[in-house]
Protein chains: 2
Amino acid sequence: MSGNPSNPTFDATIEVMLRSGVSDPQGATVEKAVHALGYAGVSEVKIGKSIHLKIEAPDETQARATLGEICDRLLANPVIETSDIALSGELSRNQA
Amino acid sequence: MSGNPSNPTFDATIEVMLRSGVSDPQGATVEKAVHALGYAGVSEVKIGKSIHLKIEAPDETQARATLGEICDRLLANPVIETSDIALSGELSRNQA
């Protein structure tokens, strides 16, 4: 499925992590496992989601705004999670 | 738990994603949901894990090597997943 074919495509990486202060049992479990394997110098393990996608938008500002909406509506729970959007810039312009 | 207290601490972000070609049902489901919400211009959604941690090591090379081992032994399944390690450099040196 595609939007307006004359829009450029941006490559985006969205990182969704739990807010600091929110309990992260998955991170705590991995930290214990890492220590059990003998790696003592590892601490503060936090586990989140990384989402890669491509998005068609007129410009980077629009792409970022749309991704912010998608994060708040679907990908992250803003009450307990933060989302960080990184755009790798205009990838290709699918000229009609 | 800590290692050698004279070692610097590095801030690391590890991204574990499915290899291209490996079926990603979670990504496909999110993509369908994004389209159902009316965002037609989103494609190639892939979902992976993002792991943040702190690691004490004598230097960056050593930190990276240890994290590579931890990825292969615990965090990722190298058969179907790739892991990408980003170190944000020496954070602090806990001098004894």
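Which residue of strand 2 of chain B does K46(A) stand opposite? The residue is H52(B). Strands here, like helices, are DSSP runs numbered from the N terminus (helices H or I, at least four residues; strands E, at least two).

The model is predicted: local features need pLDDT of at least 70, side-chain atom pairs count only at pLDDT 80 or more, and totals for chains, interfaces and linings use all residues. Residues are numbered from 1 along each chain as its sequence is written, chains are lettered from A and ligands numbered from 1 in the order in which they are written, and side-chain values use heavy atoms, with hydrogens and water left out.

Strand 2 of chain A (residues 42-56) pairs with strand 2 of chain B. The sense is antiparallel, over 11 bridges. Strands are taken as paired if DSSP finds at least two bridges between them. I51(A) has I47(B) as its bridge partner in strand 2 of chain B.

At the interface, 35 residues of chain B are in contact (heavy atoms within 4.5 Å) with 35 residues of chain A. The buried area is about 3,100 Å². Buried area is the accessible area (1.4 Å probe) that two parts lose on being put together, summed over both. Carbon and sulfur atoms give 64% of it.

Two salt bridges are counted between chain B and chain A. The criterion is a side-chain nitrogen of Lys or Arg within 4 Å of a carboxyl oxygen of Asp or Glu. K54(B) and E44(A) meet in a salt bridge at 4.0 Å, N to O. On the side of chain B that touches chain A, the elements giving two or more residues are strand 1 (8-18), helix 1 (25-36), strand 2 (42-56) and helix 2 (60-75) of chain B. Strand 2 of chain B gives the largest share, 15 residues.

Within chain A, strand 1 (residues 8-18) and strand 2 run antiparallel and are joined by eight bridges. D11(A) stands opposite K54(A) in strand 2 of chain A. Over all chains, the salt-bridge count comes to six. D11(A) and K54(A) form a salt bridge, with the closest N and O atoms 3.6 Å apart. D11(A) lies in strand 1 of chain A and K54(A) in strand 2 of chain A, so the pair ties together parts that are 43 residues apart in sequence.

Terms used:
Contact = heavy atoms within 4.5 Å.
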